Amino acid sequence: MKIAIIGQTLNKNFAIKISGGIQTVERLHVRILLEEGHEVYFIAPSDSELFVNDANFRLCTCQSPSQEFYSTQSELTRAEKSAINKKLTAEIRDWVNEIKPDVVINHSFSSSHVRLAAELAERMSVACFIHNTPDTAMDIGIIAKVQFYKKLTERGGALICVSQYQRDLWRRALRQRLTNGDSFNFLEESDIDKIYDKFCYPVYVDRPAEVSSPSDHYIVITRPDPIKNLHKLLELSSGIDKYRLHIYLAHPGKLEDNEYFTTKIAPAIEVLKQQGFDIRLFHNANRNNLLTDLATARGCFIPCTVEAAPVVLLEAGALGVRSIVFARKKKTILDHAAADLLGLDNIELVDVSGSSTESSIALSKAIKKIDSDPGNRDNLSDYVLSKHSFSKRMDDIRTLINSLKKPEVKKTLWD
């Protein structure tokens, strides 16, 4: 079977490293589909590098580069991003027409690319993954996207969320918008559950060679992006008992050129160092070195409150490392994807919806709890692998592919 994957077009694909969570999911799908014996065609921007060496894999590069290429030169406006995506849409369509795949899997959130996915569903099986949560993507553009998602599913394609938690967030958010405005008047309430139906967890974790004993350092692995909330962890740490912290940042350019890093992260690190904290910062670290450090961490911080399916959480859990997760209250319940992925018994939730003082106290309690008892690391590793192993993801993707309806071939007048 021929399968075409439309990759996200924000970041460049590197041969030996991954830039962001969506690329992690894309490469998982490539690996699974190749192991299942399919021919895989990966459609990506022109600056992408070949990242798989397999006879059944082909990297199909467009003429246009990724948004990352342009943004290293100047900050892109919304209109400029839209123009780039529209140009890529035509190039992606040309590739699909040339490949003539049996199945298309789209990972791009661009409205132009989602529209293309809905268009392609008229003549081939299409699955469109959505990686965002309403907190990060409920902007004016989502109105058009939901219209395309509706067409996609009506034509036999499928919108795929990356967790049950994320799917339910979208269901609730759209129901609220239906009752509080007329922007979604093209949608019946019954449509919401039909469109936002399927979900497929986006990552897997390998069984480690061994589960290491905890050292005395904590770790956070993230990007210098405001939504990742690293500054909140650093600011809440000010004034509490000192702990050793290793910070791993993935960023394509110089950290000094990143405004969030220079205005929020770097100053907060300096404050903590002045208070006697032992902080080590790593930029684009070798992945093996990162995983070795993660394996011996006493605890792992997940400061982002709006993750759909945090990869680091699962990698830490597979190594037996408990995570301290920042969450906000929705009504009376502390809400975070980590609860769906690992269960409340396997994480430490920190309520950051109150005042900074209250949040600092909650953070301090969570750290002290793991300081005194990091938990049974072997049991945590076994539990994570039982839910998120590679074989589980293979089953999930196989089920997804088989569930896609093949469009009816319309006969031409000549036929």
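Modeller: Before we start, one term: two strands pair if DSSP finds at least two bridges between them. Also, this is a predicted model.

Colleague: Fine. How do strands β5 and β6 pair, and over how many bridges?

Modeller: Strand β5 covers residues 125-130 and strand β6 covers residues 158-161. They pair in the parallel sense, over 4 bridges.

Colleague: Which residue in β6 is the bridge partner of Cys128?

Modeller: Leu159 is the bridge partner of Cys128.

Colleague: What holds paired strands together in general?

Modeller: Strands of a sheet pair through backbone hydrogen bonds, either parallel or antiparallel.

Colleague: What is the strand order in the open sheet?

Modeller: The order is β3-β2-β1-β4-β5-β6-β7. That makes 7 strands, with parallel pairing.

Colleague: And which are the edge strands?

Modeller: β3 (57-61) and β7 (198-199). Each of these pairs on one side only.

Colleague: Let's zoom out. How many helices and strands does the chain have?

Modeller: The chain has 16 helices and 14 strands. Its radius of gyration is 22 Å, close to the 22 Å that the globule rule gives for 415 residues, so the chain is as compact as a globular protein of that length.

Colleague: What does the C-alpha trace span along its principal axes?

Modeller: About 80 × 50 × 45 Å.

Colleague: How much of the chain counts as buried?

Modeller: Of the 415 residues, 53% count as buried.

Colleague: What about contacts between residues at least 6 apart in sequence: what share join residues at least 24 apart?

Modeller: The share is 73%.

Colleague: New topic. At what angle do helices α15 and α16 pack?

Modeller: About 20 degrees, with the axes 6 Å apart. Angles under 35 degrees count as roughly parallel, so α15 and α16 are roughly parallel to each other.

Colleague: Which residues meet there?

Modeller: From α15, Ser386, Lys387 and His388. From α16, Phe390, Lys392 and Arg393. By class, the contact has 1 nonpolar, 2 polar and 3 charged residues.

Colleague: Is Lys100 buried or exposed?

Modeller: Exposed, with a relative accessible area of 60%.

Colleague: And Asn229: where is it, and what is its phi?

Modeller: Asn229 sits in the loop between β8 (217-222) and α9 (230-237). Its phi is near 70 degrees, also positive. Asn229 is buried, with a relative accessible area of 10%.

How values were computed
Residues numbered from 1 in each chain as written. Predicted model: local features only at pLDDT ≥ 70, side-chain atom pairs only at ≥ 80, totals over all residues. Heavy atoms only, no water. Axes fitted to C-alpha atoms, helices over the stretch in contact; angles between N-to-C directions. Helix = DSSP H or I, 4+ residues; strand = E, 2+ residues; numbered from the N terminus. Parallel < 35°, antiparallel > 145°, perpendicular 65-115°, else oblique. Contact = heavy atoms within 4.5 Å. Nonpolar A, V, L, I, M, F, W, Y, C, P; charged D, E, K, R; others polar. Buried < 20%, exposed > 50% of the residue type's maximum accessible area, 1.4 Å probe, protein only. Rg over C-alpha atoms; globule rule 2.2 N^0.38 Å.
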